[in-house]
Amino acid sequence: MVDSRDYGEFETAWCPGCGNFGLLRALKRALAACGLEPHQILLVSGIGQAAKAPHYLRANVFNGLHGRSLPVATGAKLANPGLTVIAESGDGCMYGEGGNHFLAALRRNLDITILVHDNQVYGLTKGQASPTSAAGFVTKAQPRGVFANPFNPLAVAVAMGCGFVGRGYVGRQDELIELIARAIRYRGTALVDIQQPCVSFNHLNTYDWYNARCQPLADDYDAGNFDLALRTALESGFRLPVGVLYEKEGQAVFEDNFAVLKEKTPLCQRPTDYRQLAAIIESYT
Amino acid sequence: MTEQKNSRSHDLLLVIGGEAGQGLVTIGQLLCRALVLEGYEIVVVQSYHSRIRGGHNTFSIRVATSPVEAAATRIDLLVALTEETVAAHRPELAEKALVLVDEAWKLEGEKLLAVPFAGLGAEKVFNVAAFGVLACLLGLQRGRLEALLDKTFGRKHAALLQENLQAFGRGYDWAQKNGAAFEPLAQAPQDRGPRMVMNGNEAIALGALAAGAKFASFYPMTPATSILLTIIAHADAMGLVVEQAEDEIAALNMALGAAFAGAPALVATSGGGFALMTEAVSLAGMTETPVVVIVAQRPGPATGLPTRTEQGDLEFVLHGGHGEFARLVLAPGSVESCFELTRRAFFLAEEYQTPCFVLTDQYLADSYRAVPPFSVEGLEPVRPGSDPRSVSGTYERYAITGDGVSPRLLPGLSTHLVVADSDEHTSDGHITEDLSVRAEMVRKRLRKLEGIRRQWLAPEYDGPAAPQQLLVCWGSCRGAVREAARHLRQAGKTVATLCFEQVWPLVEERILPVLEQAGEVVCVEGNATGQFARLLRRETGFAMHRTVLRYDGLAITPDYIVDRLQASG
């Protein structure tokens, strides 16, 4: 039996009251709920305050470059399909610097989980707009407000056929634990965009702001309905419903296309066939 | 022109020129196979425009009865698939050259052999009819070539094979009646044993397979793409996963993810793609993740000449990636070395847990040669990672060690936790801003250079001690430099060559005495600023007396070197 305490407690570099604490707590509980031992998990992150989260729990970790968590996660999963691979970073890292990788990851559909700390602002660089900041959001870098429209990760993911698309909120712990656990168990790429405040730099999207908007989806919500999912993902303003917006089981996962990965043997444990190689060399004569 | 061919039929240059899409590479490759089967040595230079149809492309084959390792410049036999080819190459024709042209062009002039292509087959098989004419002129055995055509086209389509065999036969017959003006090739030794027809990129791919590579990722870029295409062709048989990434940034990060999880991994690209990879190169250095990066150079800056050759990215590959860390740069000088050094790069990358580079270029990438088959006898694959049983107590990914190399466990393969971080980190891999840890980690990572230097691949010295002239080079111009030295020796000079296949790190105390014992030291390289000459000066304090540089997009040839040395004194 795995307990969330097995993932340890660490001192963090986060501001008091940061939404990251709630996310980390929910993540540990979700991992425990999935029965995953720390050594079975690989957490891959980029750079930013959110991307430090893997340092604050016990697991295998690759804390790489800003924006590049998904390519690293992809390579690691293909090299060892038996690992539970979770790519985890902030909204700037995943949707801004890593935007092309985000699209490519949704297209590939590896059996990985993408957790995005979405606080609509850059924290570690002290308060510039992020790809999900609302138009008009004023910062020192955008003194006349953000001119561009915000990126809608959930609508993009649903539109691209991502088989598991969810929205969480750190202020709704029970739902968030359940959501992350379901995303990890889902076979295929699962995206969970997690709403959270930045208490230091975002004075618009506060706990109160989220509390008013982040209500669970209706009990009779049909997550298998693509049109409904897309409509729900496109909702903005006073409603940011949390839960699984879209789920489609049985999609082929990327790893299955490779004969060498069928048995989930890590590539490093596969032999090198020198008789085959000799035949290949022979074919050039 | 310095070289006097006593009997040109022992060493001739055959050039096929035409537009992209006319099938000149097909007949070029067929000829290579035919010539090697008959015992000849070859050196191919491919020159092409960055387009799929049209333009002016050439496939040049230097054919010789004894070993050759460089390209030639005077054309003995020119096959013109377009009229433009004739004019473009007229200045390069040797005295007794012959030019195959289409009778329909109604060209007049010396050295022309007008072939009635329209009577030999449909336009789409003109290339194979030309192959027939050529085969006869060169004196190649008809039956063997028909078998070769069967092997090439037979698998695809019986009708296609028939049409090609017919065109080939008609070309051959026509030449037998009308083409006596050309002296056939002298017979090559028949005891050379089986040989492959292989170019540098194919050899790099096979070197990676021989090392036990299990993962490759790439974004297509000339002239590196064919490395990946070769690996992909054998991926299922050899148990590799290969992925075309969304960009080069993803390609290298993906390879690092795979390598972290234990798969020996490579990427291959050219300068522009490498520019995108540089942040991840630095990540490999910091996270101490082994990876092999192949950079096939082409002329820059920016998009430059996308399909031509240059050695202009030496300094870029030496320094690409921010911060300071150990790296190793190998630069093969032959097709055989492409195989051997790529293998070596995997072992060194794993041993020192750091990025290792193989630096090649378009000339070597596309240059077919006759190569004895690589032996797999006694080959072993890279063994990724350390044995978890060797770890007692809590595992630390970046444990401080005397040689800078820490035990590398692979995530998920034991109950130990493996933590890698691109931030400065403590020995357990976790982020830190403790500045004394920082200084200690910098020293640990750089200590790896001492081990790498101990395994230095010394440059190859050839020629008498204390020569009047020493020609220094690196990478793909090795063959041209060695042949140029032979010509200069024939002219009475004492000349030696020093060819580097490891360009970083350099062991300066073993290089300086070699440079100091020569009268004049000349650095020969394919760039405009003498990057290797500058590197040698920086590392040894020795300033080259002269340089021979080339940066017009073409390969350095023996003639090019000799002409410049003689012109300037």
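**View 1. An open sheet of five strands in chain B.** In this predicted model, local features need pLDDT of at least 70, side-chain atom pairs count only at pLDDT 80 or more, and totals for chains, interfaces and linings use all residues. The sheet runs in the order E16-E18-E17-E20-E21, with mixed pairing. Strands here are DSSP runs of at least two residues and helices (H or I) runs of at least four, numbered from the N terminus; two strands pair if DSSP finds at least two bridges between them. Strand E16 (460–462) and strand E21 (546–549) of chain B each have a single partner strand, so one side of each lacks a neighbour in the sheet. Residues are numbered from 1 along each chain as its sequence is written, while chains are lettered from A and ligands numbered from 1 in the order written.

**View 2. Strands E17 and E18 of chain B side by side.** E17 (residues 469–474) and E18 (residues 495–500) of chain B pair in the parallel sense over six bridges. Look for B:Trp474, which stands opposite B:Phe500 in E18(B).

**View 3. The largest nonpolar core.** Such a core is a set of buried Ala, Val, Leu, Ile, Met, Phe, Trp, Tyr and Cys residues joined through C-beta atoms within 7 Å; buried means that 20 or more other C-beta atoms, placed from the backbone, lie within 10 Å of a residue's own. This one has 273 residues, and those with the most contacts inside it are A:Ala76, A:Ile180, B:Phe215 and B:Ala255. Its largest share, eleven residues, comes from helix H3 (residues 126–138) of chain B.

Note on methods. Buried ≥ 20, exposed ≤ 12 C-beta atoms within 10 Å, placed from the backbone.
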